[in-house]
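Good morning, and thank you for coming.

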Amino acid sequence: MKLYRLLTEDDTSAFCHKVTEALNKGWELHGDPSYAFDSAKGVMRCAQAVVKEVEGTYTPDTKLGAH
């Protein structure tokens, strides 16, 4: 099955670490990153989609972060 996650975080090194961790767990980048201003927090936010092919059958109970 193919899994999809959208990683988000404030525009700090924490975002880069989150994406790097996913890549090292076998996830692959999917598309370009996105950036937007969060007016409630007054910060830029980042988002990056990642995908991963794993064994099994998808159900809504699938724990995406566990793979």
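**The helix and its surroundings**

Glycine 26, whose phi is positive, near 100 degrees, follows helix α1. Helices (H or I, at least four residues) and strands (E, at least two) are DSSP runs, numbered from the N terminus. Before I continue, please note that this is a predicted model, in which local features need pLDDT of at least 70 and side-chain atom pairs count only at pLDDT 80 or more, while totals for chains, interfaces and linings use all residues. Residues are numbered from 1 along each chain as its sequence is written, and side-chain values use heavy atoms, with hydrogens and water left out.

Helix α1 covers residues 13-24, and its 12 residues should span 16 Å at 1.5 Å a residue, which agrees with the 16 Å between its end C-alpha atoms. The expected span is 1.5 Å times one less than the number of residues.

Which residues of α1 are buried? They are Phe15, Val19 and Ala22, where buried means under 20% relative accessible area, exposed over 50%, and partly exposed in between (1.4 Å probe, protein chains only). These residues lie on the same side of α1, because they cover an arc of only 60 degrees around the axis; the arc is that of the directions from the helix axis to the C-beta atoms. His17 and Asn24, on the other side of α1, are exposed. The cover over the buried residues of α1 includes β1 (2-10), β2 (28-38) and β3 (43-53), contact being heavy atoms within 4.5 Å.

**The core**

The largest nonpolar core has 10 residues, among them Met1, Leu3, Trp27 and Cys46. Such a core is a set of buried Ala, Val, Leu, Ile, Met, Phe, Trp, Tyr and Cys residues joined through side-chain atoms within 4.5 Å. Two or more residues come from each of β1, α1 and β3, and α1 gives the most, with three.

**The cysteines**

How many disulfides are there? A disulfide is a pair of cysteine sulfur atoms within 2.5 Å, and by this rule the count is zero. Cysteine 16 is in no disulfide, and the nearest cysteine sulfur, that of cysteine 46, is 7.2 Å away. Cysteine 16 is partly exposed, at a relative accessible area of 49%, whereas cysteine 46 counts as buried, at 2%. Leaving out residues up to four places away in sequence, cysteine 46 touches several residues, including Leu7, Phe15 and Tyr35.
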